[in-house]
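This report describes a predicted model.

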Amino acid sequence: MPSILRSGLGSLAVVLAVLAAGPAAAQEGRVPTSVQEMKLSFASVVKRVTPAVVNVYAARVVENRHPLMDDPVFRRFFGGRPQEQVQRSLGSGVIVDPSGLVMTNNHVIENMDQVKVSLADKREFEAEIVLKDARSDLAVLRLKEVAEKFPAIPLGDSDALAVGDLVLAIGNPFGVGQTVTHGIVSAVARTQVGITDYQFFIQTDAAINPGNSGGALVDLSGKLIGINTAIFSRSGGSQGIGFAIPANMVKVVLASAQHGSSVVRRPWLGAKLQAVTAEISEAFGLKRPSGALVGTVVAKSPAERAGLRTGDLIVAIDGIEVEDPNAFDYRFAMKAAGGQAQVGVLRSGREIRVAIPLETVPDGPRDARPIRSRSPFQGITAANLSPALAEELRLDVTLQGCAVVEVQENSTARGLGFRKGDVVIAINGEKIVTSRDLERAAGQQNRLWRITILREGKPLSVVFGG
C-alpha cells in the first residue's frame, strides 16, 4: 500500500446530530439537544456494511534464477536449480455484487496469481481475477465455486459528497482483523496526489493503515462512496491524510467486469493537456488559474476531428467546470464510449462548445515477442507501440518505437535496469520501430551495445559490453 492515514475524530456533536435526525440534519449540521442524542452510535450502519468488507490475500511463486543458468557451460560446472520464493500481499476488498464480485485495489493483487478472500464470518474462498485496471488502481475479483448470494454494499454518488460529511473507513489494517474508523471528508476532487492516472480523490481523516487498501469508505446511509487507496505520511504512520478512489469511478470499472470485459474501454481524447499558470490565466483574462490548456492535438484523433486546437482552454465538460487537466481526464474517463461530450472551450476571448466524439483508442497488431537471445534484452517481452498500448503504459500516444511490456525476474535485462514501459528507439545506430526489429537486432553478436530508449518521456542512451 502506498501509505496510510490517521483518524481525525471530528466533532462528536456533529456525529450525534446526524445520527439523531437523519439526512436532513446532515445538511443542517445542528448540534445534539438532549442526553439521548449524546448516546447515539454508528453501530447500526456498521452492522449493515461490515459483512460485505473482506480481507484479500494474494501470493505468487517466484524463481530466484541467476541469469547465467541459461548458459549450458555454467550449468555443467556449477549445477544447481532455481530456488522458489513466495511473495505475498495483504489488503482489503468490498463485495459490490451479491453474485460474489469483489472490488479491491490493483496494487493489492498486481503480478499475483493466487488470490484468496476471507469474509467477515471467517469463511475463505479462492478468487479469480476478473479485471485489472492499473490506470485507476482498481481490480475486480470473483469468488470461485459459490452458489449463494452474498451481502453487498450499494454504490453511492461520490459527486454528491461535500467537505465535512461524515464517513466510515472499514478494512483490515496491519492484518489485525476487520476494523472500523470514522472521520470526515477533508476534501473532494484532490488532483495533485500522483497515485494513479486519474488523480481525482476523496480525502478523509478517517484512519487508514497498511492492509486497508481496497477497503470501503462509506457514508452514514451505508453506501460505498470510495475505495481506500493510499495516504500521505512522512513516517509510515497515520497522519490524518488519506485518499479514496471515488465510487463513480468504481462504477465504471465494475460495469466493464459485469459485461464480461477483462479491460476497461474508455474514450480517447487525442490531445495533450497542460495546467494553467498565473501567466496563462492573465493572458486569457481569467480571474484565477483554472482549466486545461490544449498543448498538442494528435492527428486523426477525436479531438482533431471535433475541431479542438492547440491553445484552446478547456473550461467545462458537459456543463461541469474543469479546474485542471487531471479533473478533465477524470470526467472524460467517466464517459461511456458512443455519443459525444460537450466541451466548453475559451478561444480568442469567447467561449464555444466543441462536441468530442466518445471513441475508444485505436489498437494495432502488437506482435509481442519474448527476447531469449543472449543480449542486454534477454528476458524482456517487446511489442509494437500502438496508441492503445501507449495508453495502457501511460506513454505519449505520438511516440514511435518498440515498447517493453514485460521484464522477467532475475533476467539479464532486469539486472541491467530495463523496465516495463521503456521504449527502445535505436540499437547501435539502427532505428527500432517494431518488435521484429528489436528481436533481429538482439540476435546479433555484438561486442558493444549502444542503446537509446525513452523513459518517462526523456531519451536515455546507454552502452553495454557484449
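## Contacts of Ile153

Two residues are taken to be in contact when heavy atoms of theirs lie within 4.5 Å. On that basis, and leaving aside its neighbours within four places in sequence, Ile153 is in contact with Val49, Ala52, Val53, Val94, Ile95 and Val96, and also with Ala216, Val218, Gly222, Lys223 and Leu224.

On one side, three bridges join β11 to strand β10, which spans residues 216-218, and the two run antiparallel. The hairpin that β10 and β11 form has five residues between the strands, and within the hairpin Gly222 takes a positive phi near 85°. Strand β12, residues 242-246, is likewise antiparallel to β11, to which five bridges join it. Along this pairing, Gly226 stands opposite Pro246 of β12, while Asn228 has Ala244 of β12 as its bridge partner.

Helix α6 comprises twelve residues, 247-258, and reaches 16 Å from its first C-alpha to its last, which is close to the 16 Å expected at 1.5 Å a residue. The helix is mostly covered, given that nine of its twelve residues are buried. The buried residues are Ala247, Asn248, Met249, Val250, Val252, Val253, Leu254, Ser256 and Ala257. Just after α6, Gly260 takes a positive phi of about 85°.

Which residues touch the most other members of the largest nonpolar core? Among the 55 residues of that core, they are Met103 and Ile153. Helix α6 gives the most to this core, contributing six residues.

## Helix α12 and its surroundings

Helix α12, residues 435-442, has Ser435, Asp437, Leu438, Ala441 and Ala442 among its buried positions. Seen down the axis of α12, the buried residues fall within an arc of 155°, so they line one face of the helix. An α-helix has 3.6 residues a turn, so residues three or four places apart point the same way. The buried residues of α12 pack against several strands, namely β19 (369-370), β20 (380-384), β21 (402-407), β22 (423-427), β23 (430-431) and β24 (448-455).

One of these strands, β21, holds Val404. Is Val404 buried or exposed? Its relative accessibility is 0%, and because buried means under 20%, Val404 counts as buried. Leaving aside its neighbours within four places in sequence, Val404 is in contact with Ile380, Thr381, Leu393, Arg419, Lys420, Gly421, Asp422 and Val424. Although Val404 and Val423 are 19 residues apart along the chain, their C-alpha atoms are separated by 6.2 Å.

Technical notes:
Residues are numbered from 1 along each chain as its sequence is written. This is a predicted model: local features need pLDDT of at least 70, side-chain atom pairs count only at pLDDT 80 or more; totals for chains, interfaces and linings use all residues. Side-chain values use heavy atoms; hydrogens and water are left out. Helices (H or I, at least four residues) and strands (E, at least two) are DSSP runs, numbered from the N terminus. The expected span of a helix is 1.5 Å times one less than its number of residues. Buried means under 20% relative accessible area, exposed over 50%, partly exposed in between (1.4 Å probe, protein chains only). Two strands pair if DSSP finds at least two bridges between them. A nonpolar core is a set of buried Ala, Val, Leu, Ile, Met, Phe, Trp, Tyr and Cys residues joined through side-chain atoms within 4.5 Å. The arc is that of the directions from the helix axis to the C-beta atoms.
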